[in-house]
Amino acid sequence: AGLLRRAIGYVPQESFLFSRSISGNIGFGVDEPEEEAVLSATKVSRLEKDIDQFPRGWQEQVGERGVTLSGGQKQRAALARALLVRPTILLLDDSLSAVDTQTEKEILTELTGATDSITTLVVAQRISSILHADRIYVLDEGRVAEEGTHEELLKNNGLYAETYRLQLLSDELEDM
């Protein structure tokens, strides 16, 4: 069970952080994390761009459950922690829901290169999170309603295509 647990990186929507430093939270679960690996993981998660905001930088204490961080910063710290363990399987459970759409795009671009040798399963409500997935499964009331690539699902003109169009419209309205 220990080997299996170490092979899986899991990032939930509601990330749990400990009352310790940002770097301590990211390195949690790794005996002696190398600074370069931590920096690489935070680059992928785009958390590194926020470090300057904190008076103590990487050593900023985040408080119980990460109370001093925004929801998006918590999610990005949890993603960096999961990447740091170099899992074989990465499960992202709506883990970018609190991140703005521009940062989400940046993270997804970084993830594409960083997870080449990792099987990545993404559970998401925002279609932008799964556009480039090899295979997409659309659930409706707990059952698989459709499956395919983004292009195939758009051609089917079903639930996925309808949801995609609604999300595009919503994004356009937000940009106005």
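1. A pocket is here an open set of grid points where a 1.4 Å probe fits, with protein on both sides within 12 Å along at least five of seven lines. The model is a predicted one, and its largest pocket holds about 1,600 Å³ of space.

2. The lining of this largest pocket comprises 41 residues; those nearest its centre are V122, I127, S129, I130 and L131. By class, the lining contains 20 nonpolar, 13 polar and eight charged residues.

3. Four elements, α5, β3 (119-123), β4 (136-140) and α7 (159-175), each contribute at least two residues to the lining of the largest pocket. The largest share belongs to α7, with 10 residues.

4. The second largest pocket has a volume of about 390 Å³. It is lined by 15 residues, of which Y10, F28, R81, A82 and V85 are closest to its centre. Two or more lining residues come from each of α1 (2-7), β1 (8-11) and α4 (71-84). Nine residues of the lining of the second largest pocket are nonpolar, three polar and three charged.

5. A separate remark concerns S95, which is situated in the loop between β2 (89-93) and α5 (101-114). Is S95 buried or exposed? S95 counts as buried because its relative accessibility is 4%, and buried means under 20%. Leaving aside residues up to four places away in sequence, S95 is in contact with V11, P12, Q13 and Q75.

Methods
Residues are numbered from 1 along each chain as its sequence is written. This is a predicted model: local features need pLDDT of at least 70, side-chain atom pairs count only at pLDDT 80 or more; totals for chains, interfaces and linings use all residues. Side-chain values use heavy atoms; hydrogens and water are left out. Buried means under 20% relative accessible area, exposed over 50%, partly exposed in between (1.4 Å probe, protein chains only). Contact means heavy atoms within 4.5 Å. On a 1 Å grid over the protein atoms alone, a cavity is a set of points where a 1.4 Å probe fits but cannot get out, and a pocket is an open set with protein on both sides within 12 Å along at least five of seven lines; lining residues have an atom within 4 Å of a point. Grid points are joined across faces, edges and corners, and a volume is the space filled by probe spheres set on the points. Ala, Val, Leu, Ile, Met, Phe, Trp, Tyr, Cys and Pro count as nonpolar, Asp, Glu, Lys and Arg as charged, and the others, Gly among them, as polar.
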